[in-house]
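Here are my notes for someone opening this entry for the first time. Have a look at the model, then read on.

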Amino acid sequence: MRTVVVVHTGPATIQPIKQQFQQILPDVRVINIMDDSLLNDVIAAGHLTEAVTGRIFSYMQLGQQMGAVALLNACSSVGEAASAARAAISIPIIKIDDTMAERAVASGPRIGVVATVKTTLEPTVRLIKAKAAAAGKSIEVTEALAEGGFQALLDGKSELHDEIVKRTIESLADKVDVIVLAQVSMARLIPSLTDLKVPVLSSPQSGVEAVRDALASRH
């Protein structure tokens, strides 16, 4: 059985990604490495730090030593550390939001990005702009921070989190062609957004599909 190691920066991403693996790659053994100090340190510093980047490298190396055929980085806040690790790791490193960013660029020039954490908003916007540049497309990104959403999730108030995020998404809908949910923890809102006029993209499904594609190309 093939093994994929998923590196998480908090507990909120474990279940949504696990569900996608069960649906998309049921024959793969998934090992989760979770260190909630990673995201906390990024939030405290306001940006990705050298220390956090170093720990991401260590976890990626550990995943490779555990016999993984691919690694999945589950958090957009540390996505740039995962990109940097690719040079030192011989197996594919897939970033949960890469495919989502490509799909967003393909959906239209006006892209809305929603996050509950500021440190996730900035790297996600940079990623989308990089994908647009690579595709030779001109885009306009509108950022929206769902203030208080992340704290509500940490406090176990998931309904309040969902309400705050949904309100933020709805406020963007008239101004953009597509909305990107910058965090895995927000993906569960997708089923409740059917009345929106624009598509809403989330990363767990497309991220695991990218793992599937990477594994298929290695055969």
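The points below go from the whole protein to one strand and then to one residue.

1. First, the ground rules. This is a predicted model, where local features need pLDDT of at least 70 and side-chain atom pairs count only at pLDDT 80 or more, while totals for chains, interfaces and linings use all residues. Residues are numbered from 1 along each chain as its sequence is written, and side-chain values use heavy atoms, with hydrogens and water left out.

2. On the overall build: the protein has 9 helices and 8 strands. Helices (H or I, at least four residues) and strands (E, at least two) are DSSP runs, numbered from the N terminus. The radius of gyration is 16 Å, close to the 17 Å from the globule rule for 219 residues, so the protein is as compact as a globular protein of that length. That radius is taken over C-alpha atoms, and the rule is 2.2 Å times the number of residues to the power 0.38. Along its principal axes, the C-alpha trace spans about 45 × 40 × 35 Å.

3. Now zoom in on strand β1, residues 3-8, where 6 of 6 residues are buried. T3, V5 and V7 point one way, V4, V6 and H8 the other way, and all are buried.

4. Which strands does β1 pair with? One is β2 (residues 29-34), parallel to β1 over 6 bridges; here V5 has I31 as its bridge partner. The chain gets from β1 to β2 through helix α1 (residues 14-24), in a right-handed β-α-β crossover. Right-handed means that, with the strands pointing away from the viewer, the path from the first strand over the helix to the second runs clockwise. Another is β3 (residues 70-73), which runs parallel to β1 and is joined to it by 4 bridges, with N73 as the bridge partner of V7. Pairing takes at least two DSSP bridges between two strands.

5. Is A173 buried or exposed? A173 counts as buried, because its relative accessibility is 9%. Leaving aside residues up to four places away in sequence, A173 touches I179, L196 and V198.

Notes
Buried means under 20% relative accessible area, exposed over 50%, partly exposed in between (1.4 Å probe, protein chains only). Contact means heavy atoms within 4.5 Å.
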